[in-house]
Amino acid sequence: MIERIIAFSIRQRWLVLLLAIGAVAYGTWDFQHLPIDAVPDITNVQVQINTRAPGYSPLETEQQITFPVETAMGGLPKLDYTRSLSRYGLSQVTVVFKDGTDIYFARQLVGERIQQVKDQLPAGVEVAMGPVSTGLGEIFMYTVEAKPDARTQSGKDFSPTDLRTVQDWIIKPQLRNVPGVIEINTIGGFERQFHVLPDPGKLMAYRLGFRDVMTALAANNANVGAGYIERNGEQYLVRSPGQVGSVSEIQDIVIGARGGNPVRVRDVAEVIEGRDLRTGAATLDGEETVLGTAMLLIGENSRTVARRVAARLEEIAKSLPDGVVTRTVYDRTHLVEATIRTVQNNLLEGAALVVAVLFLILGNIRAALVTACVIPLSMSLTVTGMVGTKVSANLMSLGAIDFGIIVDGAVIIVENCLRMLAEAQREKGGLLTTRERLRTILRGSSEVIKPSLFGTLIIAVVYLPVLTLTGVEGKMFTPMALTVLMALGAAVLFSITFVPAAIAIFVTGKVSETENLFMRGAKRIYVPLLRLAIDNRGVVACAAVAIVIASGVAASRMGGEFIPSLDEGDVALAAIRIPGTSLTQSLDLQKALEKRIRQIPEVKEFFTRIGTAEIATDPMSPAQTDGYIMLKPRAEWPDPVKPKSEVIEAIDKAADDIPGSNYEISQPIQLRVNELISGVRSDVGIKIFGDDLDILQGAAKQVEAAIRTIRGATDVKTEQVSGLPILTVKLDRHALSRYGLSASEVQGIVEIAVGGKSAGKLFEGDRRFDIVVRLPERLRGNLDAIRAIPIPLPPSEEAAPVRTAFSTSALTQMRYVPLSSVATVEATPGPNQISRENGKRRIVVTANVRERDLGSFVAEAQDAVAQKVKLPPGYWIGWGGQFEQLVSATKRLTVVVPVALLLVFLLLFMSMGSAADALLVFSGVPLALTGGIAALLLRGIPLSISAGVGFIALSGVAVLNGLVIIAFIERLRSEGKPLVEAVREGALTRLRPVLMTALVASLGFVPMALATGAGAEVQRPLATVVIGGIISSTVLTLLVLPALYVLFRRDGARETPTMGADLAHADSGER
Amino acid sequence: MKTSSTILVALITAVLGAYGYAMLAPAKVEMTTEQAHEKKPANEHVEQDEHGADRIRISDVKLAAAGVTLAEAASATLTDTLSFNGVLRANQEAVVQVTPRFPGIAKSIRKRIGDTVAKDDLLASIESNQSLTAYDLKAPIGGTIIDRQISLGEYASEQKPAFVVADLSTIWVDLSIYRQDLKRVHLGDEVLIDPDDGRGEIKGAISYLAPVGVSETQTALARVVLPNPEGRLRPGLFVTARLILAARNVAVAVRTSAIQTLENRTIVFVREDNDKIEARPVELGESDPRHVEIKAGLAAGERYVAENSFVVKAEMGKGDADHD
């Protein structure tokens, strides 16, 4: 079958070549569609349901919105879990679906349920699903600013409200249409609003209430269409515009009439252009600003879209009012391009090194080039495959590709063909005819195709465990394994089609066959060493075991990290203040912080989001801020070689100068992704579920105390759920009944008075602004004012206000009482936020574990909690956190890794036909690992999953090397040679191919190991492990393996070699 | 062969173990390093003394950077005001309702609403039904006609006042005092009345405090009598009034912006030696918009955090702050 394919390829070589070119073209075209980002997207499949409930406190939000919405989401297909957060004015329910669920399917399900539940929600709340975006979605941020000398049309300075209006009504509508942008999120400035501020005294004088004002506003602000009439054959449309368009038109709205005199809004209220009660703000370099964020649609190419946004922003600049400019403060393109550059350099340099090595050893430039051609070919096919399987191109997925390993199969074929051609030429004593040449190539290819496929298969098999990872690790590394597998598959495909065809076309001239200087030198060193190793085989074996054990011990002592974090180039500085910090206070602190940080010479810009943006993708309270510190390009630093960690240290120190906040330093993408995956970010999370917040908090305190005493526990913390000062207006029902007031009347007035209530919209073309009725600032601004809010009393039966001027019954006109006489107003700390999970309130105690293994810690903690914490009925404890993932990953890998190794072993057994031989070959794996560990130790790189993947790749290569040597020795022995001689000869003969594969595979990774560009830190461990491991594996296969073989196969029974013989035979021609 | 195989198997198993460990071990510590960020240990900067008072150490430089200012607790004079709503009324002691003595038909009307009259000015003449002779209706006092309930030819009854004459040279300002404020209002207290006509406040004094309350609104009446030479004050209009409470000297007072609550206690942040700040629980007395009297907890001369005291509170509580 395979041979037929090869024969066909050689016969139809031009067609194959054409197809190959086609594949490259297609791959190049597909590359346009390949989503490219810096890091893989590890966000889970989730739909956020954000409900805005203006004025609602956390308790009301939870009771009236979160609960019905959350309940409605129960039982959705493919639902993983729900969690929710109830804050001031905002309910966020996050519905997490099982991995692999189609996001649009999920959204549709959620949308249907939202429709159902809408009726149960209070009037006036807006339910919306979060944008179809991910943790990597915030690709572009800009600020809207006014130049210092800019003036508005009316000759004033641009206010934050003006800038916000420009953003909302000029910039945003245009940016939203950029393909690939799902949403523009805005924070900062003030939304323009029209405020009607009634004077309660005047209202009373006219015997009007707030409600009358609201009704009048609603009834006098509408356009109607009234159909059409026909007149003399013409059709006239009828319409009656009645919308208000300005402050003075609002003022002229008539509320009622008294004694024939109209009472207008202007008679009882002040009408002004005001600001909304905002939930968030933005600052840039210590000044308030308006910040826009472009969010990327899932699956789009972040770089292209960010570029489009930038281009559109430039176009929009022309339509902005004079003096208003936008400034780009964050552009993902920079990071992605820097990362791509790193990957590209690594790949290109790696490829160049591979070509050089091939040429050095093969000695034939055409053959070397043909082999090297497999690199771009398999890459373009891989790209097509990645587009097909929706794997995005990033550091991780492209980072593990080693061209050396990819071309292994092709190398074997090319080499064998060259040898056969040279042999044939020598036999014939001249150049071959085309026919002879083709036949030779066919024979040469067929002969080695099986071992070549076999080698590739082994490498592929060791990648299988990676595919079984789930969760965050899975999202990180599965694409990498998939990409490598696709690249290997493509390489196999091309080595059986393109490679023979290309050799047939291009390798036409004289093929020389001489051993070059390099190989001669290598042999001169190798021969005495090999003899020494075989003579002292016992010592060598013991030393090998010792080294393996030593490196195992060393590995267990090494520091570790999960995934080496990508250096994004910028710094995220989150400032966290105590719950209850007001937005204004937070702004002041943030401004001071920004001014301080800006003094650091490496800092270019510092901008911050405070609180919640228009679209609550990240619901923060005003006490929380996400700050982004943009660093200057290194060239502009006072000391361009200063390590970034020192700059971060300087930032940390500077931030400490501004008291009142806790700071967390991370990186923009990292911060955002962490927030989205959220749940519990610590090692161990103890979740206490129940109903009563106080009991939950009490239980959390007990748990915290129980955990704290356990050895290894650090950063033990209880989720901050309380501490938000809440002003409770507690109605006195007795007092109400005496005055004849209903609770809702008073509540309505409190609502209008303090928060304000929307009473329609004012239209200016497309732009629309809320008209809000609210009490004047002097009557709502502070605690005393709120206590004095006048509550109008219902009209008394014998009212005759006209007569009051001289009536004897004094004071009947004073028909209102202060709020304090019907309610008590007190400030008490209340819940800051209410978190729920799977429909139940929960509070989380988190802990990190240091210097102790997680499993035993959790067991001890569970014991301690069970003993010391007593929970009332209806309360229970759940255990979660990273340890869950760790446990599941551990379980999975402890099963899958041995299975994969067993599979490799089976493959070896199939090929060798002897368990002992297979085991011997297998012993190359631990020997190779020692080199990887040593390399990591030498470079001071901690263990990580990246390094782990390196070990996996290494195992494949090591097995292949061992196989090559052992198989050849077996073949020599079957020819009747004595053991030691067979080993010596076999090892010596196989020196060249082993060195070649080793050189190719390790040199291919050298650029990656040495790179310092953006993203290099993620690839460095992997490359380091492979290089170190291959060096040790090569040395050990060449010296230890023969020694071991002699040691253990002194007089073993012979079994018939099957495929191993093929391989050995094929390779024998290298001499 | 047998032994060698066994040894090999043992070797491989050992190596598999090491391999597995190498793969899995890192995951254990990793998250701590990654997730912990640069978090500072919680609350290490807050210390408690034996009385349970919280203290933190914070330098002047830091305080200045956050806009925190210090002041010295000292004696102060508290002057506070209370606001009331009121209505202008004609001086009821100078309002006369002029009623015809005999019922009859109004033969002529001499004065209209708003006319100023002197005492004994002719208002109207009425033909008595009994005597069928006309008699004069005269103004009993000098003042202004503020109401007229009679027109020419109309039947005037002795049941119904035909004219109301009021002397508007003095005006009553009736203020409703809510009961919680009553204890702070005394006869003779100075009051500033604002007729809201853009011409400024008028000074007056409380001349009457009603001994009975108004059941409907649960208020009591306080009255200010104001002269009204130019007719600026018109009965029937609403006014607002500010009562200036008697100035009071207190021994220790702090600025109102210094008061914070911490764990349900009212506290003032007191500066101590060695860059320390103590959260000192205090007992508050009276206050005005600028100062609060401290009855206990703070001595005059102690330095306290006057402005931006929330920053200190935030610094004290920041160990608990959480980001999610």
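**Entry 1: strand β20 of chain A.** I looked up the partners of β20(A) and found that it pairs with strand β30 (residues 876–880) of chain A, antiparallel, over five bridges. I count strands as paired if DSSP finds at least two bridges between them. Strands are DSSP runs (E, at least two residues) and helices are DSSP runs (H or I, at least four residues), numbered from the N terminus. In β30(A), A:I877 is the bridge partner of A:I688. Strand β29 (residues 840–849) of chain A also pairs with β20(A), antiparallel, over seven bridges. There, A:G685 has A:T846 as its bridge partner. Strand β20 itself spans residues 684–690, and six of its seven residues are buried. I call a residue buried if 20 or more other C-beta atoms lie within 10 Å of its own, exposed if 12 or fewer, and partly exposed in between, with C-beta atoms placed from the backbone.

**Entry 2: conventions.** This is a predicted model, in which local features need pLDDT of at least 70 and side-chain atom pairs count only at pLDDT 80 or more, while totals for chains, interfaces and linings use all residues. Residues are numbered from 1 along each chain as its sequence is written, and chains are lettered from A and ligands numbered from 1 in the order in which they are written.

**Entry 3: an open sheet in chain A.** I traced an open sheet of four strands in the order β12-β7-β24-β23, with mixed pairing. Its edge strands are β12 (269–275) and β23 (757–764), each pairing on one side only. From one strand to the next the twist averages 25°. Axes here are lines fitted to C-alpha atoms, for helices over the stretch in contact, and angles run from 0 to 180 degrees between N-to-C directions. β23(A) pairs antiparallel with β24 (residues 767–773) over six bridges. A:R767 of β24(A) stands opposite A:E764.

**Entry 4: helix α3 of chain A.** Where does helix α3 bend? I found a bend of about 40° at A:T66 in this helix (residues 58–73), with a proline, A:P68, following within four residues. The bend is the angle between axes fitted to the seven residues ending at a residue and the seven starting there. A:T66 and A:P68 are both among the buried residues of α3(A), which also include A:I65 and A:V69. The buried residues pack against several elements of chain A, including β1 (46–52), α4 (103–117) and β27 (823–831). After the helix comes A:G75, with a positive phi near 75°.

**Entry 5: chain B overall.** I noted three helices and 25 strands in chain B. Of its 324 residues, 36% are buried. An automatic or database assignment sets the domain bounds. Chain B has domain 1 (46–78 + 248–319), domain 2 (82–91 + 169–244) and domain 3 (96–166). The centres of domain 1 and domain 2 of chain B, taken over C-alpha atoms, are 39 Å apart.

**Entry 6: strand β15 of chain B.** Which residues of β15(B) form its covered face? In this strand (residues 190–194) they are B:V191 and B:I193, while B:E190, B:L192 and B:D194 form the uncovered face. In a regular strand the side chains alternate between the two faces of the sheet. β15(B) pairs antiparallel with β16 (residues 202–214) over four bridges, and B:I193 stands opposite B:I202. Four bridges also join β15(B) to β18 (residues 238–244), again antiparallel. There the bridge partner of B:L192 is B:R242.

How values were computed
Contact = placed C-beta atoms within 7 Å.
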